[in-house]
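Keep the sequence and the structure in view while reading.

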Amino acid sequence: MLARSIINDFMPDQLRDLVSSKIRDLSRHFSSQLTFVIEEFQGFTVNQVFEAAHVYLGTKVNASVSRIRVGKGEKDKTLTTSIDRNEEILDVFGNFQVKWRLVCVSVELASDHGLSRGDLNSTLRSEVRSYELTFHRKHKDEVLNSYLPYILERSQELKHQAKAITLHTVNYGRWNSETLNLDHPMSFETLALDTELKRCVIEDLDSFINRKDFYRRIGKAWKRGYLLYGPPGTGKSSLIAAMARYLSYDIYDLDLTDVECNSDLRTLLLNMTNRSILVVEDIDCSIELQNREALEGESTTTKATLQESNENNGNKVTLSGLLNFIDGLWSSCGDERIIVFTTNHKDKLDPALLRPGRMDMHIHMSYCRHSAFKQLAFNYLEIEEHKLFHTIEKLLEVVDVTPAEVAGELMKSNDAESALQELIKFINGKMTHNMTTTDKCGEQALTT
């Protein structure tokens, strides 16, 4: 303590750091404590353990730390925190305690220690950073085999939660390098969907992300397929946005008309990241994927004509290529992926596309009914009950109105009474129109 006091009072900063370091080295020789040094770089590459510790310790900052660094990256959803240089922080794992210290050494002083420019990294950094992890020697194996692997895994979860959701599209047969942050506000809390169906979807997603070991054990790729089908305006795109936000998964929007051949499909799959959602919207009309069962009764000439039509349109993506894309050997080159198909006409799809393993869960996006209407009324009018609810719900039982149509009417006024009255007029008008159309069709049939 006397030596440290003299050093702090009379020695220059750089020499003081050097002598203090030597004193610490001497004291450690007689100590029961063991210290791991985790440098920021290994040669020219980032040390993943350092990066993981940096993320993990940012969540452990407490009142005992006097200096905290705060920042936010372009793709971060929230502010991030980390300890500043030479700060210490304690952490408890299992039945033992560890101490972390962020050590920062200037480039000049590091050079005096004999470190090469490669050790300092060639990115013109002004300092060399490392973490010192100190603990009792008897816990060495636990730290190596349990604690550090836990930090690596936990840091991945934290980074995944903090990053913004990005939207990727195809450009000239490849994923566009310029991604967009998906700021879609839709969530399961605000999604206008049948309550029971919403619960089933959430439970299925939770089951999927928690079954990594199960998929490994049974020898299946860790992926899940969903088919969203139903008339336009029933919320298929909104459900996809809610799924992405719930899981914090990036979205890869695949338009099959932008893909020239099956090999390009494979390349797109390989260039997707893990923990992502691949979306193929309107699969029944984006390219001609004929239902093979529907063509069984057709002549050879008809089949040849359809094939020639595809080729003339520049479409070389085939049904077999798409099946291999979503469920072949290449589909296992990645983990924790979700594939979502949407269609307005499920009956037009080939049964081979619909089977489990390709489209595991079929979700019927139907017209607006009781629970979906109440959610929309709360979203747009901020009300949970109203005297007109009963009338509207009775009408919705007999008239097919999409959630998009209901939302359009509710947006017309901020006054709940006026908005609901307009919605009733709209539904009655649609019912009258449907009845008139039905009568005309009946009269035409009788005339025929």
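Among the elements of the protein, which has the lowest mean pLDDT and which the highest? The lowest value, 48, belongs to helix 5 (residues 117–120), while strand 16 (residues 361–364) has the highest, 96. The model is predicted, and pLDDT is the predictor's confidence in each residue, from 0 to 100. For the protein as a whole the mean pLDDT is 82, and 79% of the residues reach 70 or more.

| Residues | pLDDT | Contacts beyond four places in sequence |
|---|---|---|
| 120–124 | under 50 | ten contacts |
| 309–313 | under 50 | three contacts |

The second topic is empty space. Rolling a probe the size of a water molecule over the atoms shows where such space is left. The second largest pocket holds about 690 Å³. Its lining has 21 residues, and the closest to the pocket centre are Gln156, Glu157, His160, Arg275 and Glu336. Two or more lining residues come from each of helix 6 (140–162) and helix 9 (236–247). Helix 6 gives the largest share, six residues.

What kinds of residue make up the lining of the second largest pocket? Nine are charged, seven are polar and five are nonpolar. The lining also draws on two domains: domain 1 (9–107 + 125–162) and domain 2 (166–293 + 316–364) each supply at least three residues.

Note on methods:
Residues are numbered from 1 along each chain as its sequence is written. This is a predicted model: local features need pLDDT of at least 70, side-chain atom pairs count only at pLDDT 80 or more; totals for chains, interfaces and linings use all residues. Side-chain values use heavy atoms; hydrogens and water are left out. On a 1 Å grid over the protein atoms alone, a cavity is a set of points where a 1.4 Å probe fits but cannot get out, and a pocket is an open set with protein on both sides within 12 Å along at least five of seven lines; lining residues have an atom within 4 Å of a point. Grid points are joined across faces, edges and corners, and a volume is the space filled by probe spheres set on the points. Helices (H or I, at least four residues) and strands (E, at least two) are DSSP runs, numbered from the N terminus. Ala, Val, Leu, Ile, Met, Phe, Trp, Tyr, Cys and Pro count as nonpolar, Asp, Glu, Lys and Arg as charged, and the others, Gly among them, as polar. Domain bounds come from an automatic or database domain assignment. Contact means heavy atoms within 4.5 Å.
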